[in-house]
Structure formats: structure tokens, C-alpha cells
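Please look over the sequence and the structure before reading on.

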Amino acid sequence: MLASDLPHEIRWKDLVPLKARGASYDRQALSHSSLPSRTFSDPRHYAIVPELNHQRVRLPGFLVSLEFDKTRGTEFLLVPFIGACIHVPPPPPNQVVYAISKRPQTIEGMFEPVYAVGVLRTVFAETDLAHSSYSMQVEEFEKVEF
């Protein structure tokens with residue numbers, strides 16, 4: 001495989017433009033009597049890095065299934081930490097990737113870290129669980145080996 005065929009390795013901080021870094025994100029304490037806020041009023045939470053549009057990337061994270069049939073799915077949210085969007089408030093939109101696969105992907109467990117490999121796009125997506133400033137056409141999910 002040629003080096004030019006390899007996906008560009010990125011990290012979550014790479015999804016936030018330098019001018020938008022430092023935007024406060026208040027992770028509220030969880031309470032069974034009230035739902036945490038899922039809205040972001042600071043526009044820096046939606047800011048994207050335009051240079052990443054149409055780039056083939058490899059990004060580590062955790063999956064939240066949106067469309068799922070037993071152990072296989074085609075639509076996911078890729079998030080930077082365990083439990084995001086389910087047990088705690090979602091991350092800011094520029095820290096969520098709406099991941100779509102043309103063919104169903106087998107997922108071992110939702111608390112298992114993966115590398116998502118595919119073409120990243122700067123396209124806003126809105127789901128019942130979270131908003132996303134990025135989407136990815138997933139080629140594959142790779143297991144993270146420790």
C-alpha cells in the first residue's frame with residue numbers, strides 16, 4: 001500500500017478550528033429529575049475545519065448506534081468518549097461525527113473503542129440524540145488494539 005493510500009490520522013481536537021478552541025462546554029451533573037441540556041448557544045461549538053472536507057481520515061472514538069439490527073448497523077454517531085449522547089449530555093456538534101456505512105458494519109460492543117476510516121465531510125446532521133458538524137462515509141471500523 002502506498003503512503004498516499006493511507007487515511008490521514010486525525011484526533012478530536014483537529015475537528016475544532018484554532019480560533020474556536022477554548023469554547024466552554026459545561027458537562028452538567030446528571031440528575032434523574034431533569035434532562036441535561038443538548039443545545040449549544042456558542043457558535044464556536046459548531047465551527048468546522050473546512051480543509052477536512054472530502055479528506056479520507058482515520059479517527060478514534062466510540063459508537064452510538066442509530067440504525068441497528070442485533071450486532072450490525074449502518075448509521076452511527078462517532079463520539080470522543082464513552083456514554084456520550086446516552087448517559088451524559090452530547091458533546092458539542094464539532095465533536096460528533098455522523099457516520100454512515102453503505103454496507104452493514106458488525107459492532108462488537110458500544111463501549112469498545114474503534115477507529116472510523118472513511119471520507120469526512122463538513123455537513124451538518126441533526127439526530128434525536130445529538131447534532132453533528134461533520135459526517136463520514138465509513139469504509140470500515142477498525143478495532144483499537146491495546
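By class, the lining of the largest pocket has 6 nonpolar, 3 polar and 4 charged residues, where Ala, Val, Leu, Ile, Met, Phe, Trp, Tyr, Cys and Pro count as nonpolar, Asp, Glu, Lys and Arg as charged, and the others, Gly among them, as polar. The model is predicted, with local features needing pLDDT of at least 70 and side-chain atom pairs counting only at pLDDT 80 or more, while totals for chains, interfaces and linings use all residues. Residues are numbered from 1 along each chain as its sequence is written, and side-chain values use heavy atoms, with hydrogens and water left out.

- Two or more lining residues come from each of β4 (97-106) and β8 (134-143), strands being DSSP runs of E with at least two residues, numbered from the N terminus.
- With 3 residues, β8 gives the most to this lining.

**Strand pairing around β8**
- Strands β4 and β8 run parallel and are joined by 4 bridges (two strands pair if DSSP finds at least two bridges between them), and Tyr98 stands opposite Ser135 in β8.
- Strand β5 (residues 114-121) runs antiparallel to β8, with 8 bridges joining them, and Leu120 has Met136 in β8 as its bridge partner.

**Aromatic contacts**
- The whole structure contains 2 aromatic pairs (rings of Phe, Tyr and Trp, the last by its six-membered ring, with centres within 6.5 Å; planes under 30 degrees apart count as stacked, over 60 as edge-to-face and the rest as tilted).
- Tyr46 and Phe124 form a tilted pair, 6.2 Å centre to centre with 40° between the planes.
- Phe76 and Phe141 form an edge-to-face pair, 5.3 Å centre to centre with 85° between the planes; Phe76 lies in strand β3 (residues 72-79) and Phe141 in strand β8, so the pair ties together parts that are 65 residues apart in sequence.
- Phe76 is buried at 0% relative accessibility (buried means under 20% relative accessible area, with a 1.4 Å probe and protein chains only), and Phe141 is buried at 14%.

Technical notes. Buried means under 20% relative accessible area, exposed over 50%, partly exposed in between (1.4 Å probe, protein chains only).
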